Amino acid sequence: MATFHFSALSLRRLLECHPDLQAIARELIKEIDVVVLCGHRGEMEQNVAYHDGKSKLRYPHSKHNKTPSLAIDLAPYPIVWDDIARFDSMCDRIKVIADRLGIKIRQGRDFSFRDYVHTELG
């Protein structure tokens with residue numbers, strides 16, 4: 001069985017997140033290789049994400065804007081953006097882990113605009 005670990009950048013981003021999100025991600029990396037794309041976003045980053053269409057919310061209304069971040073963006077590694085089945089499988093694993101840990105989450109895959117990388121406390 002393969003052993004996965006977070007890169008230094010992913011770990012830095014993970015540490016910006018709420019402990020419950022960290023717990024989920026630390027369990028997930030034991031099962032599949034993932035990269036942390038985003039934890040906390042400051043005002044400039046959030047407004048760029050909004051203007052680029054990567055977020056539907058302006059600063060300070062995203063859960064990414066809280067300290068610690070109440071949202072995390074994860075992707076299966078290596079990232080193949082059009083492989084929706086891999087993203088969906090990752091989301092399934094996140095849901096199972098969150099349920100097992102007793103952590104209530106909302107997943108971006110359930111949003112009308114299908115944000116597969118996004119998981120937030122909820």
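1. Let me start with glutamate 120. Beyond its neighbours within four places in sequence, this residue is in contact with Lys63, Leu70, Ala71, Lys104, Ile105, Arg106 and Phe111. Please keep in mind as you look at these contacts that the model is predicted.

2. Where does glutamate 120 sit in the secondary structure? Its place is in strand β4, which covers residues 118–121. Glutamate 120 counts as buried because its relative accessibility is 7%, and the cut-off for buried is under 20%.

3. One further distance for glutamate 120 may be handy when you orient the view. Proline 19 is 101 residues away from glutamate 120 in sequence, yet their C-alpha atoms are 12 Å apart in space.

4. Now to the fold as a whole. The chain has four helices and four strands. Read from the N terminus, the order of the elements is α-α-β-α-β-α-β-β.

5. How does the radius of gyration fit a compact globule? For 122 residues such a globule would come out near 14 Å, and the chain has 13 Å, so the two agree. Along the principal axes, the C-alpha atoms fill a box of roughly 40 × 30 × 30 Å.

6. A few words on packing. Of the 122 residues, 39% count as buried. Among contacts with a separation of 6 or more, 56% are between residues 24 or more positions apart.

7. Next, the surface and the charges. The side chains include 18 positive and 17 negative ones, with the centres of the two sets 3 Å apart.

8. How many disulfides does the chain have? The count comes to zero. A disulfide is a covalent bond between the sulfur atoms of two cysteines, and the rule applied here asks for a pair of sulfur atoms within 2.5 Å. For cysteine 17, the closest cysteine sulfur belongs to cysteine 38 and is 7.7 Å away, so the gap is too far for a bond. For cysteine 91, the closest cysteine sulfur is that of cysteine 17, at 15 Å, which is also too far for a bond.

9. Are these two cysteines buried or exposed? Cysteine 17 is buried, with a relative accessible area of 2%. Cysteine 91 is buried too, with a value of 0%.

Key. Residues are numbered from 1 along each chain as its sequence is written. This is a predicted model: local features need pLDDT of at least 70, side-chain atom pairs count only at pLDDT 80 or more; totals for chains, interfaces and linings use all residues. Side-chain values use heavy atoms; hydrogens and water are left out. Buried means under 20% relative accessible area, exposed over 50%, partly exposed in between (1.4 Å probe, protein chains only). Helices (H or I, at least four residues) and strands (E, at least two) are DSSP runs, numbered from the N terminus. The radius of gyration is taken over C-alpha atoms; the globule rule is 2.2 Å times the number of residues to the power 0.38. Contact means heavy atoms within 4.5 Å. Lys and Arg count as positive and Asp and Glu as negative; His and the chain ends are not counted. The place of a charge is taken as NZ of Lys, CZ of Arg, CG of Asp or CD of Glu.
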